[in-house]
Amino acid sequence: MARLPSVTRRVEVTTWSNFPAVPGEIGVPFFAERVAQMNVIDTILQRNETFSKTDFNKDLKIVPSTKTMIIACVDSRVDPADIFGLKPGDAVVIRNVGGRVDPATLRTMGMLGAVTKASGGVLGTGWNLIVLHHTDCGIKPCLTHAPEMLATHLGVEPGSIDAGEINDPYKSIVSDVAALKANPKFPGGFLVTGIVYDVDTGKAEVVVPSALLRPE
Ligand SMILES: [Zn+2]
(Lines give C-alpha, C1' and ligand atoms only; values in the text may rest on other atoms or scores of the structure.)
Protein backbone atom coordinates (compact mmCIF):
# COMPACT_ATOMS: atom_id res chain seq x y z
CA MET A 1 0.00 0.00 0.00
CA ALA A 2 1.28 3.39 -0.90
CA ARG A 3 2.35 5.30 2.10
CA LEU A 4 0.33 8.44 2.57
CA PRO A 5 2.33 11.58 3.02
CA SER A 6 2.47 13.03 6.49
CA VAL A 7 -0.28 15.38 7.47
CA THR A 8 0.63 18.79 6.28
CA ARG A 9 1.27 21.59 8.69
CA ARG A 10 -1.45 24.19 8.63
CA VAL A 11 0.04 27.63 8.35
CA GLU A 12 -1.74 30.26 10.34
CA VAL A 13 -2.25 33.18 8.02
CA THR A 14 -2.42 36.50 9.75
CA THR A 15 -0.76 38.67 7.13
CA TRP A 16 0.31 38.24 3.53
CA SER A 17 3.95 38.22 4.65
CA ASN A 18 3.62 34.81 6.25
CA PHE A 19 1.44 33.35 3.55
CA PRO A 20 3.61 30.62 1.97
CA ALA A 21 4.29 31.09 -1.73
CA VAL A 22 4.79 27.36 -2.11
CA PRO A 23 3.31 24.87 0.37
CA GLY A 24 6.15 23.09 2.11
CA GLU A 25 4.35 19.80 2.31
CA ILE A 26 1.57 18.41 0.17
CA GLY A 27 -0.51 16.24 2.45
CA VAL A 28 -3.98 14.72 2.50
CA PRO A 29 -5.67 17.80 4.00
CA PHE A 30 -4.01 20.00 1.38
CA PHE A 31 -5.32 17.73 -1.41
CA ALA A 32 -8.79 17.70 0.14
CA GLU A 33 -8.76 21.48 0.26
CA ARG A 34 -7.81 21.64 -3.43
CA VAL A 35 -10.71 19.32 -4.31
CA ALA A 36 -13.08 21.51 -2.29
CA GLN A 37 -11.73 24.60 -4.05
CA MET A 38 -12.37 23.06 -7.48
CA ASN A 39 -15.88 22.08 -6.39
CA VAL A 40 -16.60 25.75 -5.78
CA ILE A 41 -15.48 26.61 -9.33
CA ASP A 42 -17.64 23.82 -10.76
CA THR A 43 -20.62 25.02 -8.73
CA ILE A 44 -20.39 28.67 -9.73
CA LEU A 45 -19.91 27.76 -13.40
CA GLN A 46 -23.02 25.58 -13.24
CA ARG A 47 -24.93 28.47 -11.67
CA ASN A 48 -23.64 30.77 -14.40
CA GLU A 49 -24.86 28.31 -17.03
CA THR A 50 -28.34 28.58 -15.52
CA PHE A 51 -28.09 32.38 -15.24
CA SER A 52 -27.07 32.73 -18.90
CA LYS A 53 -30.21 30.83 -19.93
CA THR A 54 -32.70 32.41 -17.55
CA ASP A 55 -31.94 35.82 -16.04
CA PHE A 56 -29.37 37.19 -18.49
CA ASN A 57 -30.37 40.39 -20.32
CA LYS A 58 -28.08 41.47 -23.13
CA ASP A 59 -29.75 44.88 -23.42
CA LEU A 60 -28.41 46.26 -20.13
CA LYS A 61 -26.61 49.59 -20.29
CA ILE A 62 -23.35 50.68 -18.67
CA VAL A 63 -25.18 53.53 -16.91
CA PRO A 64 -27.27 51.73 -14.24
CA SER A 65 -31.06 51.84 -14.55
CA THR A 66 -31.60 53.35 -11.08
CA LYS A 67 -28.73 55.84 -11.46
CA THR A 68 -27.43 54.68 -8.11
CA MET A 69 -23.90 54.28 -6.83
CA ILE A 70 -23.27 52.31 -3.64
CA ILE A 71 -20.08 52.21 -1.56
CA ALA A 72 -20.09 49.04 0.55
CA CYS A 73 -17.92 46.53 2.40
CA VAL A 74 -16.46 43.41 0.78
CA ASP A 75 -18.00 41.24 3.52
CA SER A 76 -19.91 38.39 1.84
CA ARG A 77 -22.83 38.90 4.25
CA VAL A 78 -23.53 42.45 3.14
CA ASP A 79 -23.68 42.30 -0.65
CA PRO A 80 -25.97 45.19 -1.72
CA ALA A 81 -27.39 42.97 -4.47
CA ASP A 82 -28.69 40.62 -1.78
CA ILE A 83 -29.83 42.99 0.96
CA PHE A 84 -31.40 45.57 -1.40
CA GLY A 85 -32.67 43.09 -3.99
CA LEU A 86 -30.65 44.60 -6.82
CA LYS A 87 -30.52 42.97 -10.23
CA PRO A 88 -27.85 43.24 -12.96
CA GLY A 89 -27.85 46.71 -14.43
CA ASP A 90 -29.54 48.32 -11.40
CA ALA A 91 -26.64 50.00 -9.59
CA VAL A 92 -22.90 50.63 -9.55
CA VAL A 93 -21.27 49.10 -6.48
CA ILE A 94 -17.80 49.99 -5.17
CA ARG A 95 -16.61 47.66 -2.42
CA ASN A 96 -13.63 47.74 -0.08
CA VAL A 97 -12.90 46.61 3.48
CA GLY A 98 -15.35 48.57 5.62
CA GLY A 99 -17.09 50.29 2.72
CA ARG A 100 -15.01 53.32 3.55
CA VAL A 101 -14.64 56.48 1.50
CA ASP A 102 -10.93 55.86 1.02
CA PRO A 103 -8.52 57.23 -1.61
CA ALA A 104 -9.09 54.23 -3.92
CA THR A 105 -12.87 54.79 -3.75
CA LEU A 106 -12.46 58.46 -4.59
CA ARG A 107 -10.29 57.53 -7.59
CA THR A 108 -12.87 54.98 -8.72
CA MET A 109 -15.66 57.56 -8.42
CA GLY A 110 -13.60 59.94 -10.55
CA MET A 111 -13.14 57.25 -13.18
CA LEU A 112 -16.87 56.50 -13.12
CA GLY A 113 -17.50 60.12 -14.00
CA ALA A 114 -15.39 59.63 -17.11
CA VAL A 115 -17.04 56.27 -17.90
CA THR A 116 -20.52 57.78 -17.58
CA LYS A 117 -19.59 60.73 -19.79
CA ALA A 118 -18.19 58.37 -22.44
CA SER A 119 -21.51 56.51 -22.34
CA GLY A 120 -23.48 59.68 -23.01
CA GLY A 121 -24.55 60.34 -19.43
CA VAL A 122 -23.69 62.77 -16.67
CA LEU A 123 -22.74 61.61 -13.19
CA GLY A 124 -24.23 63.63 -10.36
CA THR A 125 -27.64 65.31 -10.61
CA GLY A 126 -30.38 62.68 -10.63
CA TRP A 127 -28.11 60.05 -9.08
CA ASN A 128 -28.30 58.44 -5.65
CA LEU A 129 -25.07 57.90 -3.76
CA ILE A 130 -25.41 55.41 -0.90
CA VAL A 131 -22.69 54.73 1.66
CA LEU A 132 -23.34 51.41 3.38
CA HIS A 133 -21.56 50.34 6.57
CA HIS A 134 -22.49 47.39 8.78
CA THR A 135 -22.23 45.94 12.28
CA ASP A 136 -19.59 43.30 13.13
CA CYS A 137 -17.29 44.58 10.38
CA GLY A 138 -14.00 42.77 9.86
CA ILE A 139 -12.18 46.10 9.69
CA LYS A 140 -12.27 46.32 13.51
CA PRO A 141 -9.48 43.80 14.28
CA CYS A 142 -7.24 45.58 11.75
CA LEU A 143 -6.95 48.37 14.29
CA THR A 144 -4.88 46.02 16.45
CA HIS A 145 -3.42 43.55 13.98
CA ALA A 146 -2.61 45.73 10.97
CA PRO A 147 -2.72 49.41 12.00
CA GLU A 148 -0.25 50.61 9.35
CA MET A 149 -2.05 48.78 6.57
CA LEU A 150 -5.32 50.20 7.87
CA ALA A 151 -3.90 53.73 7.86
CA THR A 152 -2.82 53.31 4.24
CA HIS A 153 -6.26 51.93 3.37
CA LEU A 154 -7.96 54.96 4.90
CA GLY A 155 -5.44 57.43 3.53
CA VAL A 156 -4.45 58.78 6.95
CA GLU A 157 -1.21 58.92 8.90
CA PRO A 158 -0.43 55.90 11.11
CA GLY A 159 -1.38 56.88 14.64
CA SER A 160 -4.14 59.22 13.55
CA ILE A 161 -6.78 56.56 12.95
CA ASP A 162 -10.04 57.38 14.71
CA ALA A 163 -10.61 54.19 16.72
CA GLY A 164 -14.19 55.19 17.48
CA GLU A 165 -15.03 55.24 13.78
CA ILE A 166 -13.39 51.86 13.18
CA ASN A 167 -15.34 50.25 16.02
CA ASP A 168 -18.71 51.90 15.44
CA PRO A 169 -20.41 51.89 12.02
CA TYR A 170 -22.91 54.50 13.25
CA LYS A 171 -19.96 56.90 13.67
CA SER A 172 -18.02 55.91 10.55
CA ILE A 173 -21.08 56.37 8.33
CA VAL A 174 -21.50 59.96 9.55
CA SER A 175 -17.80 60.64 9.03
CA ASP A 176 -17.68 59.19 5.51
CA VAL A 177 -20.79 61.02 4.28
CA ALA A 178 -19.31 64.23 5.71
CA ALA A 179 -16.04 63.51 3.85
CA LEU A 180 -17.94 63.14 0.59
CA LYS A 181 -19.86 66.36 1.18
CA ALA A 182 -16.60 68.17 1.89
CA ASN A 183 -14.96 67.00 -1.33
CA PRO A 184 -15.39 69.74 -3.95
CA LYS A 185 -14.34 67.45 -6.79
CA PHE A 186 -17.63 65.56 -6.90
CA PRO A 187 -20.85 66.85 -8.45
CA GLY A 188 -23.08 68.38 -5.76
CA GLY A 189 -26.22 66.98 -7.40
CA PHE A 190 -25.77 63.50 -5.90
CA LEU A 191 -28.48 62.62 -3.37
CA VAL A 192 -26.29 61.04 -0.67
CA THR A 193 -27.60 58.69 2.04
CA GLY A 194 -25.73 56.94 4.86
CA ILE A 195 -27.07 53.49 5.79
CA VAL A 196 -25.99 50.96 8.43
CA TYR A 197 -26.88 47.29 7.96
CA ASP A 198 -27.25 45.06 11.02
CA VAL A 199 -25.89 41.57 10.36
CA ASP A 200 -27.86 40.26 13.35
CA THR A 201 -31.28 41.33 12.07
CA GLY A 202 -30.85 41.77 8.29
CA LYS A 203 -32.29 45.28 8.62
CA ALA A 204 -30.87 48.41 7.02
CA GLU A 205 -31.26 51.72 8.85
CA VAL A 206 -30.88 55.19 7.40
CA VAL A 207 -28.46 56.94 9.73
CA VAL A 208 -27.59 59.93 7.55
CA PRO A 209 -30.84 61.06 5.85
CA SER A 210 -30.84 61.70 2.11
CA ALA A 211 -29.55 65.12 1.14
CA LEU A 212 -27.80 66.71 -1.79
CA LEU A 213 -24.06 66.30 -1.62
CA ARG A 214 -23.89 70.07 -1.87
CA PRO A 215 -26.54 72.70 -2.58
CA GLU A 216 -26.31 73.64 -6.23
ZN1 LIG B 1 -17.23 44.90 6.74
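Predicted model: local features only at pLDDT ≥ 70, side-chain atom pairs only at ≥ 80, totals over all residues.
Q: In which sense do strand 4 and strand 5 pair?
A: The general idea comes first. Strands of a sheet pair through backbone hydrogen bonds, either parallel or antiparallel. Two strands count as paired if DSSP finds at least two bridges between them. Here, strand 4 and strand 5 are antiparallel, with six bridges. Their hairpin has six residues between the strands, and G202 takes a positive phi near 80° there.

Q: What is the strand order of the open sheet?
A: The five strands are ordered 2-1-3-4-5, and the pairing is mixed. Strand 2 (92-96) and strand 5 are the edge strands, each pairing on one side only. From one strand to the next, the twist averages 15°. Strand 3 and strand 4 give you a parallel case, with seven bridges. There, H134 has Y197 in strand 4 as its bridge partner.

Q: Which strands does helix 7 touch as it packs on the sheet?
A: Helix 7 touches strand 3, strand 4 and strand 5, and its direction makes about 165° with that of strand 4. To get such an angle, lines are fitted to C-alpha atoms, for helices over the stretch in contact, and the angle between N-to-C directions runs from 0 to 180 degrees. Contact means that the C-beta atoms of two residues, placed from the backbone, lie within 7 Å.

Q: Which residues of helix 7 are buried?
A: A residue is buried if 20 or more other C-beta atoms lie within 10 Å of its own, exposed if 12 or fewer, and partly exposed in between, with C-beta atoms placed from the backbone. In helix 7, P169, S172, I173, D176, V177 and L180 are buried. Seen down the helix axis, they fall within an arc of 130°, so they line one face of helix 7. That arc is taken from the directions from the helix axis to the C-beta atoms. An α-helix has 3.6 residues a turn, so residues three or four places apart point the same way.

Q: Is V207 buried, exposed or partly exposed, and what does V207 touch?
A: V207 is found in strand 5. With 18 C-beta neighbours inside 10 Å, V207 counts as partly exposed. Leaving out residues up to four places away in sequence, V207 touches Y170, I173, V174, G194, I195 and V196. Take I195: V207 and I195 are 12 residues apart in sequence, and their C-alpha atoms are 5.4 Å apart.

Q: Where is K67, and is K67 buried or exposed?
A: K67 lies in the loop between helix 1 (28-54) and strand 1 (68-73). K67 has 21 C-beta neighbours inside 10 Å and counts as buried. Its phi is near 45°, a positive value in a residue other than glycine.

Notes: Residues numbered from 1 in each chain as written. Helix = DSSP H or I, 4+ residues; strand = E, 2+ residues; numbered from the N terminus.
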